[in-house]
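User: I'd like to learn how to read some features of a protein model. Could you take me through one, idea by idea?

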Amino acid sequence: MTPTHDTPPTMAAVRLRGHGGLDQLEFSRDVPTPSPAAGEVLIDVHACGMNNTDVWVREGAYGSDTDPGEVSTWRRGRSTLEFPRIQGADIVGRIVAVGPGVDASRIGERVMVDFSIYHRPEGDDSLADIDYIGHGRDGGYAEYVAVPEENAYEITADIPDAGLATFCCAYLTAEQMLVRARLAEGERVLVTGASGGVGSAILQLARVRGAVPYAVSSPGKEDALRAIGAEDVILRGSGDLVEEVARAADGPIDVVADLVAGPMFNDLLRILRPEGRYTTAGAIGGPVVDLDLRTMYLKQLELHGSSQGTRTAFRRLVGYIEDGRIRPLLDRTFRLSDFHEAQRTFMGKTYIGKLVVVPDRHWDEVGAPFAHDGAAGDPDAP
């Protein structure tokens, strides 16, 4: 290992001890500090964003193909999850050491991590067999993390570390959803869960494509959503969803980007134009839905499931960041030692955008300026 400074033998980290409640998340200051293996870099973590996957994996809430209530983790029957596990996918920090085969000139780079673990070679963008950092290997809810060199992308954009940590998972997931649905310039897209991390990312990425996004949210969030790109906001529960969308949208809906599902699922298919496309990467309103197949086949609809994203999509995301075409939507930050409070706040969904965790030793430089400065968000946002 080639270091830039004396890396301590132990570090602070939050470890998931097993499936269950918040009591399964243990903050400790004596976790062994990882060493980068061949082809890896060691990152001094400055910030790490929070995601729904953290909660669902802890709860074992992914079900199985035959039993939606079965305790199961993300990969369903072929899990790479081992306990204890350090979660945290949205990693931002500086490279402080490199393993064999990695150029020492990378030491000192400020990086954002592509959290996907790819099992296929460069050039093969299939996502049929993927995993992610924070699940298949330890992640960023810690002071240090080791990741493959290819996953660490240098970022020079003038964005604070906590803001940069809002992009990784949410924006890559959003980008891949829009890729799957082939959202094109001039098309209209309806976004559910629009004030959450992925939903707010879709609003911005739709505008990057020249598409027109409409947001579904709860009252009080309209101005914030319009500020990040929503053409209009449809208030959930204010009336018949199909009629409200028709009233708000100046024309047919080409794509539905859904992160909620649940009882509104079939209405979302009704909202789509004939030959429209539905894409989803989450189901916080309920994963088991009623589907009238006649709606799907008589309207010639396409339904797309999506999770994470490709190397190509992540590189495109890095380009958007460096070019200033998208901006972070950071609600607030939390100290790593206050992780239980952070996850309770996350589960409460009273925020817009993203929550970010900062190691205590970086709090004064990264966390404090952003602490609790956000607006209240959509309680049903992902």
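User: Let's start with Q308: is Q308 buried or exposed?

Analyst: Buried means under 20% relative accessible area, exposed over 50%, and partly exposed in between, with a 1.4 Å probe and protein chains only. Q308 counts as buried because its relative accessible area is 5%. A bit of background: this is a predicted model, where local features need pLDDT of at least 70, side-chain atom pairs count only at pLDDT 80 or more, and totals for chains, interfaces and linings use all residues. Residues are numbered from 1 along each chain as its sequence is written, and side-chain values use heavy atoms, leaving out hydrogens and water.

User: Where does Q308 sit, and what is its phi?

Analyst: In general, most residues other than glycine have a negative phi, and most peptide bonds are trans. Q308 has a positive phi, near 60 degrees. Its place is the loop between strand 16 and helix 9 (311–323); helices (H or I, at least four residues) and strands (E, at least two) are DSSP runs, numbered from the N terminus. A261 is not a glycine either, and has a positive phi of about 60 degrees. A261 lies in the loop between strand 14 (253–258) and helix 7 (265–271), and is buried because its relative accessible area is 6%.

User: Which residues does the cis peptide bond join?

Analyst: That bond links F83 and P84, with omega about -5 degrees. P84 belongs to the loop between helix 1 (52–59) and strand 5 (90–98).

User: How do I read a sheet? What is the strand order in the open sheet of six strands?

Analyst: Strands of a sheet pair through backbone hydrogen bonds, either parallel or antiparallel. Here the order is 13-12-11-14-15-16, with parallel pairing; two strands pair if DSSP finds at least two bridges between them. At the edges are strand 13 (232–235) and strand 16 (302–305), each pairing on one side only. Strand 15 (residues 272–280) runs parallel to strand 16, and four bridges join them. T279 stands opposite H304 in strand 16. Strand 11 (residues 188–191) also pairs with strand 12 in the parallel sense over four bridges, with R188 opposite V212.

User: How many residues of strand 12 are buried, and which lie on each side?

Analyst: In a regular strand the side chains alternate between the two faces of the sheet. For strand 12 (residues 212–217), six of its six residues are buried. V212, Y214 and V216 lie on one side, and P213, A215 and S217 on the other.

User: What about nonpolar cores? How many residues does the largest one have?

Analyst: A nonpolar core is a set of buried Ala, Val, Leu, Ile, Met, Phe, Trp, Tyr and Cys residues joined through side-chain atoms within 4.5 Å. The largest here has 105 residues, and those with the most contacts inside it are I43, M112, Y141, I202, I321 and I326. Helix 3 (residues 168–181) gives the most to this core, with nine residues. Another core lies apart from it, with 20 residues, among them V212, V216, V242 and A249.

User: Where is I43 found, and is I43 buried or exposed?

Analyst: I43 is in strand 4 (residues 40–49), and it counts as buried because its relative accessibility is 0%. The C-alpha atoms of I43 and Y144 are separated by 5.5 Å, although these residues are 101 residues apart along the chain.
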